[in-house]
Amino acid sequence: MVDVLRGKIMELIYTRRVDSSQWVTTLTPLMEEKLQSETSRARSLQILPSHGSTYEVRGESIEVVDIDQWDCSCKEWQLNGLPCCHDIAVFDRLGISSYDYCLRCFSTESYRVTYAESINPIPHLEKPIKGEPDMEHNMVIIVNPPPTNLQPGRPKMKKADTFDIVKRQMQCSRCKGLGHNKKTCGKVNNIDEADPLLFTGLVTGELENTAGSMELESSCPI
């Protein structure tokens, strides 16, 4: 596949070098044709000088041309690299050649320099025919893999980048406190977990009232 591409490119360079040697125009044939088309359109345009290198060109539209800045308000000069009809109209009035304002890459000289070099042909190396007892050509070269130094143990894994993990704080489902759970609630709050009422969280209002009345009786004198 690579050899086929090399052959096509080699032939293409040779063909373009031979074709360009016969050109007599300043620009390549395609660019020369475009420039002549714009030149014919420029003959019907009206030129009004403004100041310095700025001119007003009137035709189907009114455009502003600055030849020092290589700028035209229609933007064809900047986009194509070739002067448009408005620029050529100004050049003709000033007696300036339009070829001086064309990009150098469009010239015939640059085209010839591009394809001046050649791709050298590569000779074909004859391969031995299968079945022939030619020991010199039938030598088998074994290419071994490069030596590797395996370290003992399990290979180390690349650690992922550390990042801050926002942990949710533990909350007890029995007392709604933070920092512990239902299993360790008795140890944190000093509650006797053997009491079935406290274990299930069923503390009635009567027990609370009884405890409150006992505290009042103990505080009153007899």
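The crossing of helices α2 and α4 is right-handed, a term used where the near helix is turned clockwise from the far one by less than a right angle. Helices here are DSSP runs of H or I with at least four residues, strands are E runs of at least two, and both are numbered from the N terminus.

The model is a predicted one, in which local features need pLDDT of at least 70 and side-chain atom pairs pLDDT 80 or more, while totals for chains, interfaces and linings use all residues. Residues are numbered from 1 along each chain, and side-chain values use heavy atoms, without hydrogens or water.

The axes of α2 (residues 29–42) and α4 (residues 85–94) come within 8 Å and cross at roughly 70°; these axes are lines fitted to C-alpha atoms over the stretch in contact, with angles from 0 to 180 degrees between N-to-C directions. The two helices are therefore roughly perpendicular, the class for 65 to 115 degrees. Contact, meaning heavy atoms within 4.5 Å, involves L35, E38, T39, R41 and A42 of α2 with C85, I88 and A89 of α4.

I turn to the annotation. An unreviewed UniProt entry places the feature "domain: SWIM-type" at residues 63–95. That stretch is 45% helix and 18% strand, with its end C-alpha atoms 20 Å apart.

Finally, the aromatic rings. W70 and Y101 form a tilted pair, 5.3 Å centre to centre with 50° between the planes. W70 lies in the loop between β3 and β4 and Y101 in the loop between α4 and α5, so the pair ties together parts 31 residues apart in sequence.

Conventions
Angles under 35 degrees count as roughly parallel, over 145 as roughly antiparallel, 65 to 115 as roughly perpendicular and the rest as oblique. UniProt positions are given in the numbering used here, feature names are shortened, and annotations may be inferred rather than shown by experiment. Rings of Phe, Tyr and Trp (its six-membered ring) pair if their centres lie within 6.5 Å; planes under 30 degrees apart count as stacked, over 60 as edge-to-face and the rest as tilted.
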